[in-house]
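Have the model open while you read.

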Amino acid sequence: MRSNRRRASPAGCTADCIADSAGGITFDVTGAARPGAVLVLRRRDGRDATGTGTDTATPADAAEVRLPLTGAGKSRPRAVLPSTVELAEGHWDVFTGAPGEQPVRPGVRDVRALVDRVPGAGGVAARIPYPTADGRLAVRSWVRAPHAEAGTVRSEPDATTVEGMLYGAELGEGAEAEARLRGTGRSHRVAVTGRGGSFAFTLPYGPLAARPVVERQWWDLWLVPARNAAGIRISRILDDIWDKRTACVYPGHGTDGWLAAPGYTGDNDFCVRLDPASMSAATP
């Protein structure tokens with residue numbers, strides 16, 4: 001269970017962030033007016049490869065991006081992460097200073113431009129600046145190609161109905177949604193309706209609980225856009241919420257022996273949680 005307590009914020013600079021709908025982020029920094037200071041984004045558990053912070057794309061496997069801080073002495077130093085600079089999927093911690101080792105605290109985060117955004121053709125890249133549990137600034141990055149974006153979710157007494165949009169691919173003959181029981185080979189498929197990029201399906205809970213539910217189960221949801229096609233993880237990343245586990249909570253339903261509820265993982269991937277009836281409901 002996650003704790004809501006936050007540890008004391010680290011010493012260092014503070015950055016106000018403005019995110020744009022194209023994927024760029026502007027950082028206005030207080031306390032970094034030092035010669036040679038840069039803003040560094042470092043991928044958690046990243047490899048040693050280093051990308052260069054320019055207005056051209058960096059290698060997709062880069063573990064560090066360095067952005068120049070400009071304006072020192074005239075105004076608050078500013079760093080810009082262009083949308084053309086690639087960030088591999090994951091969590092990127094923000095540092096500053098000449099060596100890039102001073103942690104940055106989150107200031108004001110203007111992420112309004114991310115709400116209900118519609119990406120262009122092809123894959124989807126999404127980035128959200130957010131505060132970590134210990135009071136640091138970080139950026140959550142998603143890179144999905146193709147991408148299945150969950151939209152309206154209805155939690156009904158015996159099923160979950162999901163509507164969404166598919167980007168970078170289209171529905172074809174034999175399209176299905178697949179629920180996969182995490183850590184096992186079990187799965188269950190249902191038909192998908194829709195045209196072009198839109199899709200919808202209803203997943204009944206009964207088949208997921210066909211065997212006795214003796215411990216918590218996580219069923220991950222995938223969209224199979226056509227017969228024999230590879231599955232596409234269904235997620236919700238095209239808004240301003242970096243962690244939907246407590247922000248998007250749906251009612252649970254069940255019968256004798258089990259309780260089911262749709263929700264999201266810490267990576268904003270869509271899933272269904274199946275609990276024994278004796279277990280108190282908790283968010284993913």
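Leaving aside residues up to four places away in sequence, Arg186 touches Ala179, Arg180, Leu181, Pro207, Leu208, Arg211, Gln217 and Trp219, where a contact means heavy atoms within 4.5 Å. Keep in mind that this is a predicted model, in which local features need pLDDT of at least 70 and side-chain atom pairs count only at pLDDT 80 or more, while totals for chains, interfaces and linings use all residues. Residues are numbered from 1 along each chain as its sequence is written, and side-chain values use heavy atoms, with hydrogens and water left out.

**Buried charges**

- Arg186 sits in the loop between strand E12 (176-181) and strand E13 (187-191); strands here are DSSP runs of at least two residues, numbered from the N terminus.
- Arg186 is buried but has no salt bridge, and the nearest side chain of opposite charge, Glu215, is 9.4 Å away.
- Buried means under 20% relative accessible area, exposed over 50%, and partly exposed in between, using a 1.4 Å probe and protein chains only.
- A salt bridge needs a side-chain nitrogen of Lys or Arg within 4 Å of a carboxyl oxygen of Asp or Glu; for charge, Lys and Arg count as positive and Asp and Glu as negative, with His and the chain ends not counted.
- Glu149, in strand E10 (residues 147-155), is also buried with no salt bridge, and Arg236 is its nearest side chain of opposite charge at 4.6 Å.
- The Glu149 side chain makes a polar contact with the side chain of His147 at 2.6 Å and reaches the backbone nitrogen of Ile237 at 3.0 Å.
- A polar contact is a pair of N or O atoms within 3.5 Å; within protein, one must be able to donate a hydrogen and the other to accept it, and residues adjacent in sequence count only if both atoms are side-chain atoms.

**Aromatic pairs**

- Searching the whole structure turns up 4 aromatic pairs, meaning rings of Phe, Tyr and Trp (its six-membered ring) with centres within 6.5 Å; planes under 30 degrees apart are stacked, over 60 edge-to-face and the rest tilted.
- Tyr130 and Trp242 are stacked, because their ring centres are 5.7 Å apart and their planes at 20 degrees.
- Tyr130 is buried at 5% relative accessible area, whereas Trp242 is partly exposed at 25%.
- Tyr205 and Trp258 have ring centres 6.3 Å apart and planes at 75 degrees, so this pair is edge-to-face.

How values were computed:
Helices (H or I, at least four residues) and strands (E, at least two) are DSSP runs, numbered from the N terminus.
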